[in-house]
Amino acid sequence: MKEYLKHFLHYLSVEKGLARNSLEAYERDLTAFIQYMTENQKLQRVDQIDRIHIVHYLMHLRQVGKASSTVARTMTSIRGWFKFLAQEQVIRTNPAMYMDSPKMDKKLPKVMSLEEVERLLEAPKTDEPTGVRDKAMLELLYASGIRVSELVSLNVEDLNMGMGFVRCIGKGSKERIIPLGRMAIDWVDRYMQTARLKLLGDRRTDNALFLNRNGQRLTRQGFWKIIKHYAREARIDKDITPHTLRHSFATHLLENGADLRAVQEMLGHADISTTQIYTHVTKARMKEVYNQAHPRAKI
């Protein structure tokens, strides 16, 4: 089974052009699925897997406490793999063909208030190179709404400081151009002119935009630790992640009258229904403000 998984991952990479993060997710999901089939169901061949085996696996994921989003993503991975196996005539019938993904719990994304965003952005100490770098990253992330994987993948040439925009490659290797505000442009420019050169040291060939202390490209895990650190420094009583700034970017734009289609384009959502979740957030916050402020709301 593992050999067929390798073929599938190669197909997704070469023919579908999936990003590394997506490939890693498929590999994790399907490796765990194959392990369950061989160890729990005692199946050795992929053509032995039937619909009931897949159902048992999804039930197993629920029983061990996996989130509905994880179960739904796993089902997508399983369905894609069996579709590939059927196309390649490895299996005669596709056991996952008519199986729907489990319904996901609809949770509103967590966002920060403008005051919390200001505190977070002011947290880095900009008297040292890493502080200037961190300030530039946070400003850029909030100004553009890009994903953390897109942030750490940026190269120097992806920025056009004169025109005021950043170019990034999102899911499915799709390119998009996002405008930047003056504050983000100024801090990124300051970082590139001073702190980045110090972090780069003697290495003059690395085109990665954001570097770690060793002069190498900063990783997702590295930035995750950075934003957690500054959330504590800013005394923000919420579970702040890089995606929280992305959610806040979209919500604050819509609260101030931005067009939904424009926000969809900037976020890189293929389906506008994904972007529409932020309209629910703004309505929920509007109701909260109303209940706190209107004199007859509490009667």
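Begin with helices H6 and H10 of this predicted model: they lie oblique to each other. Select residues 129-144 for H6 and 242-255 for H10; the two axes come within 7 Å and cross at roughly 45°. An angle counts as roughly parallel under 35 degrees and as roughly perpendicular from 65 to 115, so this crossing falls in the oblique class.

Next, show the side chains at the H6 and H10 contact. From H6, pick Leu-138, Leu-141, Tyr-142, Ala-143 and Ser-144; from H10, pick Pro-242, Leu-245, Ser-248, Phe-249 and His-252. By class, this contact has seven nonpolar, three polar and no charged residues.

Move to helix H9, residues 220-233. Its end C-alpha atoms are 20 Å apart, which agrees with the 20 Å that 14 residues should span at 1.5 Å a residue. Which residues of H9 are buried? Select Gly-222, Phe-223, Ile-226, Ile-227, Tyr-230 and Ala-231. Then display H5 (114-122), H6, H7 (148-152) and H10, which are among the elements covering those buried residues. Just after H9, stop at Arg-235, where phi is positive at about 55°.

Last, go to the strands. S2 (residues 165-169) and S3 (residues 175-179) pair in the antiparallel sense over five bridges. Select Arg-167 and find its bridge partner in S3, Ile-177. Between the strands of this hairpin are five residues, and Gly-172 takes a positive phi near 70°.

Finish by viewing S3 from either face. Side chains in a regular strand alternate between the two faces of the sheet. In S3, Arg-176 and Ile-178 form the covered face, while Glu-175, Ile-177 and Pro-179 form the uncovered one.

Key. Residues are numbered from 1 along each chain as its sequence is written. This is a predicted model: local features need pLDDT of at least 70, side-chain atom pairs count only at pLDDT 80 or more; totals for chains, interfaces and linings use all residues. Side-chain values use heavy atoms; hydrogens and water are left out. Axes are lines fitted to C-alpha atoms, for helices over the stretch in contact, and angles run from 0 to 180 degrees between N-to-C directions. Helices (H or I, at least four residues) and strands (E, at least two) are DSSP runs, numbered from the N terminus. Angles under 35 degrees count as roughly parallel, over 145 as roughly antiparallel, 65 to 115 as roughly perpendicular and the rest as oblique. Contact means heavy atoms within 4.5 Å. Ala, Val, Leu, Ile, Met, Phe, Trp, Tyr, Cys and Pro count as nonpolar, Asp, Glu, Lys and Arg as charged, and the others, Gly among them, as polar. The expected span of a helix is 1.5 Å times one less than its number of residues. Buried means under 20% relative accessible area, exposed over 50%, partly exposed in between (1.4 Å probe, protein chains only). Two strands pair if DSSP finds at least two bridges between them.
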